[in-house]
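Good morning, and thank you for the time on today's agenda. Please have the sequence and the model open while I speak.

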Amino acid sequence: MADTTLMDKLVSLCKRRGFVFQSSEIYGGLGSVWDYGPLGVALKKNVKDRWWRAMVHARDDIEGLDAAILMHPKVWEASGHVAGFTDPLVDCKTCKARFRADKLADSPCPQKPSKKAGEHSTCELTEPRMFNLMFKTFMGPVEESASVVYLRPETAQGIYVNYLNVLQGSRQKVPFGIAQIGKAFRNEITPGNFIFRTREFEQMEMQFFVKPGADAEWFEQWRELRMAWHHALGLNPAKLRWHQHGEGELAHYAKAAYDIEYEFPFGWNEIEGIHNRTDFDLQRHQAASGKKLEYFEPATNERFVPFIVETSAGADRVTLTTLVDAYREEQVEGETRVVLGFHPSIAPIKVGVFPLVKKDGMPEFATRLYHDLKQQVPAFYDDSGAVGRRYRRMDEAGTPFCVTVDGQTLQDGTVTVRHRDSMTQDRVAADTLRVWLRERTED
Ligand code: ATP
């Protein structure tokens with residue numbers, strides 16, 4: 001049974017604390033489009049930064065790219081998206097709602113009492129029809145078929161069409177990869193579950209170009225590395241698992257595919273896909289563009305079109321995963337404490353700084369300390385209400401450390417550092433705090 005209470009609590013916390021808001025809320029909202037508030041944008045940025053560090057900075061064999069969202073429409077013909085990026089769709093003649101034929105069991109019928117689509121005796125579902133998920137728009141002043149362009153439904157194609165440019169500019173050799181983080185758009189029929197499935201989202205994709213024949217080995221390596229990345233993000237390993245795509249599930253381009261799934265309150269669902277895309281995409285672009293997309297291997301004097309191993313994660317889905325995984329409620333001294341126990345490296349705020357009381361020079365000391373720390377780590381100053389309340393507010397935001405300036409600070413220059421998870425306290429010299437915090441919040 002899906003734990004909808006937990007999702008409801010999380011959605012409400014996200015709104016209240018400024019993680020995620022519904023898009024255009026004052027107009028009633030726009031279906032499955034969300035905006036990230038101050039804490040949310042910081043959290044998602046930290047997730048993306050960790051990905052970029054692991055995939056680009058830490059490796060010698062991967063280069064970064066930022067390709068445009070709009071691409072030549074022929075890209076999407078060659079990639080197969082115009083003809084085949086479709087979902088089977090059914091309409092209900094009774095309630096006029098529209099569902100994905102392969103997701104009926106997950107789709108609520110709008111009629112009361114609550115049942116799934118097709119389960120009411122009055123439901124009248126049509127035969128499935130195929131529906132293209134790409135958003136179309138027009139380039140230039142004339143709205144005609146010749147000027148149709150698409151909002152990209154994945155970032156991968158921007159990498160494929162640039163692979164030779166990157167190769168030349170960077171002097172890489174196959175095997176090598178190109179990584180990109182960027183927006184993608186899909187006109188999903190049954191979006192939902194908060195930021196899990198949205199119509200506008202961000203992908204963190206890496207395409208690894210290898211010699212044909214070396215693909216199976218690289219595929220296994222990337223599977224291992226990607227699962228390790230999610231573990232290092234602090235996600236509960238018991239809630240992560242592999243799902244191998246069976247014959248009928250494999251995308252048209254894939255030779256092998258595995259999803260990394262997380263156990264959300266609404267069930268096990270994909271957060272990242274690792275695909276062996278073979279040479280499908282490059283061959284198709286080579287044929288459609290008439291441009292050679294071969295690689296010349298100097299060591300063997302061989303020419304070949306590389307195979308591609310793709311790792312494709314959703315930045316929003318991973319961000320949602322960190323929120324779900326971090327959320328907990330605890331009973332402390334007869335009160336419920338809500339905590340987001342983020343890995344310190346992705347916590348939006350690393351440290352809360354408080355004066356114990358608003359007198360005796362404590363606010364002045366705390367303000368100076370706050371401005372000093374802020375140069376290095378995201379910090380938040382709070383002097384309102386009892387310290388216990390201030391701790392709770394920081395717990396809810398997922399802040400791993402809180403620093404209180406008290407009477408002793410003014411005598412010996414030390415402050416109280418309170419740890420979010422254990423709620424224990426240490427005394428640390430204020431002038432060493434910058435380094436102390438960086439050591440505990442970077443990676
Ligand atoms: P699903 O089966 O959930 O629709 P998919 O198999 O179509 O996903 P891919 O095309 O492999 O997804 O995209 C790679 C990643 O991009 C997914 O693992 C997911 O994290 C993210 N993603 C895909 N579609 C969406 C969406 N509508 N909203 C948010 N993230 C998405």
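This is a predicted model: local features need pLDDT of at least 70, side-chain atom pairs count only at pLDDT 80 or more; totals for chains, interfaces and linings use all residues.

The side chains of Glu396 and Arg16 are joined by a polar contact of 3.1 Å. The side chain of Glu396 also makes a polar contact with the side chain of Arg17, likewise listed at 3.1 Å.

Where does Glu396 sit? It is found in helix H11. Is Glu396 buried or exposed? Its relative accessibility is 13%, and because the limit for a buried residue is under 20%, Glu396 counts as buried.

Helix H11 runs over residues 387-397, and eight of its 11 residues are buried, so that the helix is mostly covered. Those residues are Val387, Arg390, Tyr391, Arg392, Met394, Asp395, Glu396 and Ala397. After H11 comes Gly398, with a positive phi near 85°.

The protein chain has 443 residues, of which 49% count as buried. Its secondary structure comes to 13 helices and 23 strands. Along the principal axes, the C-alpha trace spans about 75 × 70 × 50 Å.

I turn to the ligand. Which pocket does the ligand take up? The space it takes is the largest pocket. The ligand is surrounded by 16 residues, and the closest are Glu188, Arg197, Thr198, Glu270 and Gly314.

E13 gives the most to the shell, with five residues.

A backbone N or O atom of Gly314 lies 2.9 Å from an oxygen atom of the ligand. In the side chain of Arg317, an N or O atom is 3.0 Å from an oxygen atom of the ligand. For Phe196, a backbone N or O atom lies 3.5 Å from a nitrogen atom of the ligand. Taken alone, the ligand exposes 590 Å², and the protein buries 86% of that area.

Strand E13 also holds His275. What does the side chain of His275 contact? It makes a polar contact of 2.5 Å with the side chain of Glu310. His275 counts as buried because its relative accessibility is 10%, and the limit is under 20%.

Next, two residues seen through distances along and across the chain. Trp218 has its place in helix H7, residues 215-232. With a relative accessible area of 16%, Trp218 is buried. Lys183 is found in strand E9, which covers residues 176-185. Lys183 is partly exposed, at a relative accessible area of 31%. The C-alpha atoms of Lys183 and Pro363 are separated by 43 Å, and these residues are 180 residues apart along the chain.

I close with the backbone. Most residues other than glycine have a negative phi, and most peptide bonds are trans.

One joins Lys112 and Pro113, with omega about -5°. Pro113 is found in the loop between strand E5 (98-100) and strand E6 (129-132). The other runs from Val174 to Pro175, with omega near 5°. Pro175 has its place in the loop between helix H6 (163-170) and E9.

The remaining two concern phi. Lys96, which is not a glycine, has a positive phi of about 65°. Lys96 lies in the loop between strand E4 (86-91) and E5. Phe194 is also a residue other than glycine with a positive phi, here near 60°. Its place is in the loop between E9 and E10.

Which of these is buried and which exposed? Lys96 is exposed, with a relative accessible area of 65%, whereas Phe194 is buried, with a relative accessible area of 6%.

Thank you. I am glad to take questions.

How values were computed:
Residues are numbered from 1 along each chain as its sequence is written. Side-chain values use heavy atoms; hydrogens and water are left out. Buried means under 20% relative accessible area, exposed over 50%, partly exposed in between (1.4 Å probe, protein chains only). Helices (H or I, at least four residues) and strands (E, at least two) are DSSP runs, numbered from the N terminus. A residue is near a molecule or strand if one of its heavy atoms lies within 4 Å of it. A polar contact is a pair of N or O atoms within 3.5 Å; within protein, one must be able to donate a hydrogen and the other to accept it, and residues adjacent in sequence count only if both atoms are side-chain atoms. Accessible areas come from the Shrake-Rupley method with a 1.4 Å probe; for residues, only the protein chains shown count as cover. On a 1 Å grid over the protein atoms alone, a cavity is a set of points where a 1.4 Å probe fits but cannot get out, and a pocket is an open set with protein on both sides within 12 Å along at least five of seven lines; lining residues have an atom within 4 Å of a point. A molecule sits in a cavity or pocket if more than half of its atoms lie within 2 Å of its grid points.
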